[in-house]
Amino acid sequence: MDIQSCVEVRNEWDIVSARQLGRNMAKELGFGNVDQARITTAISELARNIYLYAGRGKICIEPIDQLGRKGLRIVALDNGPGIREIRKVMEDGYTTSGGLGAGLPGVKRLMDEFSIESTVDVGTEISATKWLR
Amino acid sequence: MTAKDALTERYQDLLSVYLKVKTETTLYKGQQFSRKLLEQQISPEDLVSLHIQVMDQLFPDMSEEMRDSFDFLLEAMIGYGFAYREHQSLRDKQQQLESEIEVAASMQQTLLVSDVPGFDQLDIGVVSVPAKKMNGDYYNFVKSGNSLSVAVADIIGKGIPAALCMSMIKYAMDSLPEEQMKPHLLLENLNRVVEQNVHSNMFITMFHGVYEPESHKFHYAGAGHEPGFFYNAKEDEFHDLIAKGLVLGVSRTTTYHPYEKLIEVGDMIILLSDGVTECRTSKGFIEREEVVSLIRKNMDLPSQKIVENVFQELDRLQGFELRDDFTLIILKRLV
Amino acid sequence: MNLQINQDQINETYELKLTGEVDAYTAPKLKEVMLPLTDKEGNIVIVDLSGIEYMDSTGLGIFVGALKSSKANNSSLKLRGMTERVKRIFEITGLTEVMDIESGVKGEAL
């Protein structure tokens with residue numbers, strides 16, 4: 001399975017679909033149960049953000065192979081309002097989710113690589129990768 | 001064997017021992033083991049996964065439901081993992097901030113230290129202790145010509161913003177030609193500077209006085225500062241040292257009233273910040289009379305000893321935890 | 001470390017009844033309530049402090065800010081019902097000379 005698979009996120013049920021997709025792909029790649037849980041949670045958080053702040057968007061998941069090193073990449077895309085202060089949003093302690101360590105800094109720590117691009121009134125693209133250990 | 005394998009093996013050993021013989025000792029060992037795990041930065045979900053792995057080894061015939069329940073627990077643990085990792089990160093951040101504050105505090109020490117000058121006629125004692133790392137109380141002695149001027153100020157707000165404000169006063173004071181200044185005029189000048197430069201919720205209380213050795217007169221003025229005391233040796237009585245005036249920074253046009261007192265041999269001028277009178281003990285607030293009686297008790301000692309003893313006693317009464325920055329200054333006329 | 005604010009309004013007159021302590025922790029809450037009121041021209045803001053047992057200088061700072069705001073925006077600020085301890089800090093800081101402070105007994109009519 002080399003092709004990227006995507007899930008449209010428009011409502012809360014789609015969050016579950018995205019999780020399912022992620023879990024299946026992670027299992028297939030050989031990720032252990034903890035990493036499966038981490039990947040799935042990262043997908044949840046990103047999908048939730050799309051649902052809560054952008055209204056709609058998509059989560060795409062693809063297996064990747066870099067010089068023999070295998071991993072899974074998640075890309076969350078939306079055409080929502082964008083993030084005005086990326087720096088603030090990536091700070092611990094700054095939260096709109098009730099302060100439980102979740103949010104984007106939380107996602108960053110669940111995964112191995114993380115990048116974010118956002119433009120106000122245009123949209124947001126977040127990419128996160130986890131490597132097989 | 002990797003570190004992870006070693007931990008897994010250890011966990012398995014501890015768990016199997018416990019399952020055979022449920023002793024407090026093993027439970028205690030389990031708790032100590034979690035310290036090791038934390039040292040290795042094993043997160044909550046890692047621990048659940050470790051448990052699953054070990055249970056699989058110990059009970060290969062474990063029921064499917066039991067097995068599945070652990071998977072469910074793993075998912076639920078992820079939330080705790082979030083909080084744990086954020087906590088780690090915040091602790092690191094806090095340590096960094098602490099060390100930055102240390103640097104700022106020691107810079108402040110260097111910039112704002114005011115030596116207690118030697119002055120022929122007066123025996124001077126000073127104690128100024130911050131409640132937190134940075135001191136919001138300010139005091140300054142300046143010898144110019146034959147006179148000695150003394151200022152005490154309290155910047156409202158605590159902590160870093162207050163201390164930054166203080167630096168501003170010090171520089172404003174250093175650049176005003178103090179010799180020509182009468183205390184009430186200095187306050188008027190300073191008030192204008194403060195009013196223009198501080199946040200609307202900040203203000204500064206201040207007392208400023210100048211002692212002239214030829215006339216033995218002490219000229220002074222106050223801007224909303226906690227009244228000090230004056231000890232009249234002849235009457236053997238303490239009085240409040242009142243210098244009414246509006247705190248600095250409220251209104252650009254505030255004017256201050258000049259006061260003066262004749263200082264006889266043996267008289268004392270006692271200046272303080274409200275950290276002294278805001279002392280709260282288990283019984284309630286320290287009253288001004290109690291501060292006076294503490295001073296009276298130590299009266300015959302050199303001024304520095306008096307202030308130190310009074311501070312120690314009040315510190316002790318407060319359980320060694322200052323609520324506010326504490327400043328106490330005593331000037332005693334010797335000759 | 002707790003502050004309760006009860007607010008009553010009749011037209012442009014706002015009465016705030018405070019209970020508890022106004023200190024560094026509770027001051028921001030008071031500021032959030034008072035400032036929008038004093039910022040508006042023509043408002044009459046009456047603050048009843050009879051339930052305040054303790055106020056520190058941070059709390060006082062909020063009233064200084066409210067005073068400045070009412071002067072700048074042409075609203076009116078009255079304080080009343082202070083206990084001796086609280087009144088004292090307003091007196092020492094000279095604020096009693098520049099603020100409208102009623103020294104009334106509890107229960108007196110508006």
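In strand E2 of chain C, Leu16(C) is the bridge partner of Gln7(C). That pair belongs to an antiparallel arrangement in which E1(C), residues 3–10, and E2(C), residues 13–22, are joined over eight bridges. Two terms need stating at once: two strands pair if DSSP finds at least two bridges between them, and helices (H or I, at least four residues) and strands (E, at least two) are DSSP runs, numbered from the N terminus. The two strands make a hairpin with two residues between them, and in the turn Asn11(C) has a positive phi of about 55°.

Please keep in mind that this is a predicted model, in which local features need pLDDT of at least 70 and side-chain atom pairs count only at pLDDT 80 or more, while totals for chains, interfaces and linings use all residues. Residues are numbered from 1 along each chain as its sequence is written, and chains are lettered from A and ligands numbered from 1 in the order in which they are written.

Chain C also touches chain B. How many residues of chain C are in contact with chain B? There are 14, and they meet 16 residues of chain B, where a contact means that the C-beta atoms of two residues, placed from the backbone, lie within 7 Å. On the chain C side, the elements that give two or more residues are helix H2 (57–73) and helix H4 (95–98). H2(C) supplies the largest share, eight residues. By type, this side of chain C divides into six nonpolar, six polar and two charged residues. In that division Ala, Val, Leu, Ile, Met, Phe, Trp, Tyr, Cys and Pro count as nonpolar, Asp, Glu, Lys and Arg as charged, and the others, Gly among them, as polar.

I turn now to chain A. Chain A has four helices and five strands, which follow the pattern β-α-α-β-β-α-α-β-β along the sequence. Of its 133 residues, 36% count as buried; a residue is buried if 20 or more other C-beta atoms lie within 10 Å of its own, exposed if 12 or fewer, and partly exposed in between, with C-beta atoms placed from the backbone. Among the contacts in chain A with a separation of 6 or more, 63% are between residues 24 or more positions apart.

The five strands of chain A form an open sheet in the order E1-E2-E3-E5-E4, with antiparallel pairing. Its edge strands are E1(A) and E4(A), the latter covering 113–119, and each pairs on one side only. Neighbouring strands are turned by 15° against each other on average, direction ignored; axes are lines fitted to C-alpha atoms, for helices over the stretch in contact, and angles run from 0 to 180 degrees between N-to-C directions.

Within this sheet, E1(A), residues 5–9, is joined to E2(A), residues 57–66, by five bridges. Along that pairing, Glu8(A) stands opposite Lys58(A), and Cys6(A) stands opposite Cys60(A). Helix H1(A), residues 12–29, packs on the sheet and touches E1, E2 and E3 of chain A, its direction making about 165° with that of E1(A). Helix H2(A), residues 33–54, lies across E1, E2, E3 and E5 of chain A and runs at about 15° to E3(A).

E2(A) is also joined to E3(A), residues 69–78, by 10 bridges in the antiparallel sense. There Ile64(A) stands opposite Gly71(A). Two residues lie between the strands of this hairpin, in which Leu67(A) takes a positive phi near 50°.

Next, the nonpolar cores. A nonpolar core is a set of buried Ala, Val, Leu, Ile, Met, Phe, Trp, Tyr and Cys residues joined through C-beta atoms within 7 Å. Which residues touch the most other members of the largest core? In this core of 90 residues, they are Ile204(B), Met206(B) and Ile329(B). Apart from it lies another core, of 25 residues, including Phe31(A), Ala76(A), Met111(A) and Ala128(A).

Finally, chain B has an open sheet of its own, with five strands in the order E2-E3-E4-E5-E8 and antiparallel pairing. Eight bridges join E2(B) to E3(B), and Phe141(B) stands opposite Val150(B) there. In the loop between E2(B), 137–144, and E3(B), 147–155, lies Asn146(B). Is Asn146(B) buried or exposed? Asn146(B) is exposed, because 12 other C-beta atoms lie within 10 Å. Leaving aside neighbours within four places in sequence, Asn146(B) is in contact with Glu212(B), Pro213(B) and Glu214(B).
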